[in-house]
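Open the structure in your viewer and keep the selection tool ready. This tour goes stop by stop: what to select, then what is there.

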Amino acid sequence: MTNLYLIRHGEALVNVNHIVGGMRGDTGLTQLGILQAERLRDRLAATREIPADVLIASTYRRAQQTAEIVAPALGLPVTLDDEIQELRPGEADGMPVGEAMVRYAIDFEREPYRPVSPGGESWAQFMLRVSVALDRVTREHEGRTIVVVTHGGFIDVAFLHFFRMNALAFPSAHFATRHTSLTHWQRRRRWGRAEAWHLIYYNDCAHLRDVERTVRIPWAELSTLAPRLAEDPSGPPSSESGEGR
């Protein structure tokens, strides 16, 4: 089996200041974002729930910083990858989001092939880049457990990629991916069929529930309880084994 964990970066300064956050605009995490990453690190260190073989991060500062905080819990160095970046904004990089929307008339729903601004990517180009990156990373590390620290847009496109949805149209429904949340994809056989990608869970941010509380989540104690179990790939459960499905 190949396991792929996608982690969104912690809250960033570009998020709270509403700045277009490319390589130039991205100035890293807020204090809350750092705390969120630390909470995720503490959770993973205590539970050992992700036996990771490789840790990859976007080269945008907010993702790189998040990965550096989490890395000790996984016992791995951070490998930076430009192709794991959020949509590349071009000339809009570093501008207030509202100003960029007006100046460049950004509308992915009507114009998915037009770059967000000169030198930037269109929605279709972003979709292609993310799909190629996912295919490359999962092929290079087939049969291993991969952790990728990336961005909300990248995680959104991963759904379109794995479910083989329309790659060229901007989706009409959107995701609300939390900062430092975990999304787990697994490639395996199911019920004797060919290998395929399965979504195990999305938006797991349980480690954030004690961010504003004095009592910490006892991850070390919780880790001794029954672990999260993936569905048995050997066959369907008894409730699905009858006729008339």
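Predicted model: local features only at pLDDT ≥ 70, side-chain atom pairs only at ≥ 80, totals over all residues.

**Stop 1: the main core**

Start with L4 and L6. These two have the most contacts inside the largest nonpolar core, which counts 32 residues. Strands first: β1 (2-8), β2 (54-58) and β4 (145-150) each supply at least two of its residues. Then the helices: α4 (97-104), α5 (123-140) and α6 (152-162) also supply at least two each.

Stay on L6 and show its surroundings. Which residues does L6 touch, beyond those up to four places away in sequence? The list is V148, F154, I155, A158, S181, L182, T183 and W185.

Next, select Y5, I7, L44 and A63. They are among the 19 residues of another core, which lies apart from the largest one.

**Stop 2**

Select helix α2, residues 31-47, and find Q36 in it. Is Q36 buried or exposed? Its relative accessibility is 8%, so Q36 counts as buried. The cut-off for buried is under 20%.

Q36 and L208 are 172 residues apart in sequence, yet their C-alpha atoms are 6.4 Å apart in space. Show the contacts of Q36, leaving aside neighbours within four places in sequence. They are G10, E11, H179, T180, H207 and L208.

Move along to R39, also placed in helix α2. At 11% relative accessibility, R39 counts as buried. With neighbours within four places left aside, R39 is in contact with H207, D210, V211 and R216. H207 is a contact of Q36 and of R39.

**Stop 2: salt bridges**

Side chains of opposite charge can pair when their charged atoms come close. How many salt bridges does a search of the whole structure find? It finds 18.

Select R41 and D42. They form a salt bridge, with the closest N and O atoms 3.1 Å apart. D42 is partly exposed at 24% relative accessibility. R41 is partly exposed too, at 27%.

Go to E83 and R88. Their side chains meet in a salt bridge, at 3.3 Å from N to O. E83 has a relative accessible area of 31% and is partly exposed. R88, at 24%, is partly exposed as well.

Then pick E121 and R129. This salt bridge spans 2.8 Å, N to O. Are its two residues buried or exposed? E121 and R129 are both buried.

**Stop 3: a nonpolar patch**

V102 lies in helix α4. Its relative accessible area is 67%, so V102 is exposed. The cut-off for exposed is over 50%.

**Stop 4: aromatic rings**

Show the aromatic side chains. The structure holds 12 aromatic pairs.

Take F108 and W123. Their ring centres are 6.2 Å apart and their planes stand at 45°, so the pair is tilted. The pair links distant parts of the chain: F108 is in the loop between α4 and α5, and W123 is in helix α5, 15 residues apart. Both F108 and W123 are buried.

Next come F159 and F175. Here the pair is stacked, with 4.3 Å centre to centre and 25° between the planes. F159 lies in helix α6 and F175 in the loop between α6 and β5 (182-188), so the pair ties together parts that are 16 residues apart in sequence. F159 counts as buried, at 5% relative accessibility. F175 is partly exposed, with a relative accessible area of 34%.

Finish by selecting F159, F162, F163, F175, W185, W197 and Y202. Ring pairs link these residues into a cluster. W185 brings the tour back to Stop 1, where it was one of the residues that L6 touches.

Note on methods:
Residues numbered from 1 in each chain as written. Heavy atoms only, no water. Core = buried A, V, L, I, M, F, W, Y, C linked by side-chain atoms within 4.5 Å. Buried < 20%, exposed > 50% of the residue type's maximum accessible area, 1.4 Å probe, protein only. Helix = DSSP H or I, 4+ residues; strand = E, 2+ residues; numbered from the N terminus. Contact = heavy atoms within 4.5 Å. Salt bridge = Lys/Arg side-chain N within 4 Å of Asp/Glu carboxyl O. Phe/Tyr/Trp six-rings, centres within 6.5 Å; stacked < 30°, edge-to-face > 60°.
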